[in-house]
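Work through the exercises below with the model open. Try each task before reading its solution.

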Amino acid sequence: MAIEVIGTKSDRYDEILTERALSLIEQLHRQYDARRQELLVRRTARIAEISAGASLGFLPETKDVRDDPDWRVAPAAPGLIDRRVEITGPTDRKMTINALNSGAKVWLADQEDANTPTWENVVGGQLNLLDAVKRQIDFSTDTKSYALKPDAELATIVVRPRGWHLPEKHLLVDGTPVSGSLVDFALYFAACGQLQLDRGQGPYFYLPKMESHLEARLWNDVFVTAQEALGIPRGTIRATCLIETYPAAFEMEEFLYELREHSAGLNAGRWDYMFSVIKTHRDRGVEFQLPDRNSVTMTVPFMRAYTELLVRTCHKRGAHAIGGMAAFIPSKDPAVNEQAFAKVQADKTREAGDGFDGSWVAHPGMVDTCRAVFDAVLGENPNQLDKLREDVSVTADQLLNVAATPGEVTEAGLRNNISVALQYLAAWLEGTGAVGIFNLMEDAATAEISRSQIWQWRKNGVVLDTGDTITTELVERIADEEINAFDQSLRYQSARALFLEVALADEYVDFLTIPAYDRFA
Ligand SMILES: CC(=O)SCCNC(=O)CCNC(=O)[C@H](O)C(C)(C)COP(=O)(O)OP(=O)(O)OC[C@H]1O[C@@H](n2cnc3c(N)ncnc32)[C@H](O)[C@@H]1OP(=O)(O)O
Ligand SMILES: O=CC(=O)O
Ligand SMILES: [Mg+2]
């Protein structure tokens with residue numbers, strides 16, 4: 001084999017880094033990496049067109065797919081028929097057990113937004129998944145022991161691999177790092193694919209951050225090859241695509257079509273979506289400028305258009321439509337806690353009323369709230385695929401109507417973005433990819449919004465409510481004030497450097513996780 005493992009080989013890693021898994025990764029890399037690289041170049045080319053004045057829109061070349069009334073995605077697979085509440089979270093051992101026990105129908109086992117892809121997290125997370133699938137997982141601290149509930153219905157596992165842009169530098173083929181997406185996918189598929197089938201379910205995935213239906217086609221081809229290579233029947237894999245980039249919103253139907261024999265629907269990934277609005281239009285001045293992060297709610301016109309279109313598109317094709325993450329988490333402060341639950345309830349109520357078949361929560365404490373809302377709408381039905389939403393018709397202009405977003409850019413909003421980005425990056429660099437900050441769940445997607453807003457506002461020379469203009473000096477000054485206010489402020493020095501690199505660079509940095517990952521050996 002010409003695949004090399006550069007990362008350390010700790011206890012039990014050989015159960016994951018098997019010859020079968022490594023040769024699958026090598027095969028997928030040889031067959032598909034050039035195409036992956038081309039698609040990444042295509043992303044850059046599209047942004048250049050938009051910078052030069054082009055507009056996103058529905059694609060003329062795929063009109064036939066949208067106009068053909070006859071095709072449908074595969075019927076929902078076992079464990080994915082009723083998805084009324086899905087919990088997301090990283091694959092560390094304790095959280096794996098807590099998520100499976102949470103009462104949610106599905107657990108999105110996250111190797112993406114909620115994970116720092118250190119080698120230990122990548123392989124250790126796969127070991128936790130393997131133990132979970134075998135129902136042989138436990139964990140203990142000095143004060144508490146964790147085990148799977150023996151007689152309870154455990155959440156269906158759906159693994160989210162990294163996006164197409166991220167490399168995995170601890171695995172090399174002919175000296176070249178392989179794709180993080182292919183690694184996360186193939187390690188899980190090789191270790192757990194057949195085991196999941198034996199248990200009556202299957203290898204299921206969430207696919208993040210795609211920007212074109214051609215990227216979905218690439219995933220489909222990867223699935224076909226991998227199933228054939230491991231002797232697993234074609235069509236066994238199921239994948240839910242996140243619609244969480246601005247270009248993807250114009251290709252929802254095409255995503256379902258490309259993956260139709262493996263599709264398990266679409267999800268409205270709202271946080272990356274907002275990030276992508278800024279990122280895609282980085283050179284368009286104030287045209288696509290967003291106000292303070294907290295004022296971009298799901299009911300502003302462009303977000304509403306996106307979620308309505310998602311439900312309409314999915315149900316037209318027999319696919320599940322899954323709602324997004326309300327980032328509120330339980331708090332020890334009773335007043336804040338009450339607000340958090342009220343906000344989650346309102347968010348899920350809107351989604352259930354709009355026709356979503358289920359939605360996401362970030363914390364086990366929110367599972368009952370989400371379930372109760374969907375129970376009230378679904379009743380005995382496992383989903384509401386029959387709610388076709390033929391009343392919905394969304395235009396490109398509505399998806400692009402960012403200008404109608406109310407709100408302003410305030411000093412408090414700027415300071416909040418700076419503080420959140422610093423705190424999040426400090427945690428990420430220490431190996432923790434999801435954190436509770438100021439009573440909200442923060443992860444790579446929400447941190448991307450924070451740093452992108454700062455980048456956009458500074459570039460546009462935005463004047464704050466205080467009358468100050470956002471400049472490099474102002475951002476640096478507030479960053480230092482925030483850091484000095486933290487306990488152990490020294491800990492934040494590497495986060496500070498990374499933050500300034502991704503928030504203030506002359507040229508917009510496509511993903512903060514790329515320079516962040518470069519910091520690891
Ligand atoms: C934009 C997107 O992509 S959203 C999807 C990606 N993001 C995520 O998945 C984030 C998921 N959520 C989390 O990671 C966590 O909830 C955090 C980091 C935000 C907060 O976690 P904590 O600070 O541990 O919260 P808290 O102390 O209230 O947790 C209480 C218990 O619930 C557990 N818990 C909290 N969230 C989760 C979760 N998502 N999955 C499993 N267990 C969880 C904790 O491990 C803790 O367990 P313990 O009592 O046995 O020690
Ligand atoms: O992955 C989900 C998102 O909102 O981003
Ligand atoms: Mg996301």
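**Exercise 1: one helix**

Task: find which residues of α15 are buried, and what they pack against.

Solution. Start with the buried set: Val475, Ala479, Glu482 and Ile483 in α15. Buried means 20 or more other C-beta atoms within 10 Å of the residue's own, exposed means 12 or fewer, and partly exposed lies in between; C-beta atoms are placed from the backbone. Helices are DSSP runs of H or I with at least four residues, strands runs of E with at least two, numbered from the N terminus. Next, look down the axis of α15: its buried residues fall within an arc of 100°, so they line one face. The arc is that of the directions from the helix axis to the C-beta atoms. Now turn to the face away from the buried side: it carries the exposed Glu473, Arg477, Glu481, Asn484 and Ala485. Last, the partners: the buried residues pack against α13 (411-429), α14 (444-459) and α16 (493-504). Contact means C-beta atoms, placed from the backbone, within 7 Å.

The model is predicted: local features need pLDDT of at least 70, side-chain atom pairs count only at pLDDT 80 or more, and totals for chains, interfaces and linings use all residues. Residues are numbered from 1 along each chain as its sequence is written, with chains lettered from A and ligands numbered from 1 in the order written.

Notes:
Contact = placed C-beta atoms within 7 Å.
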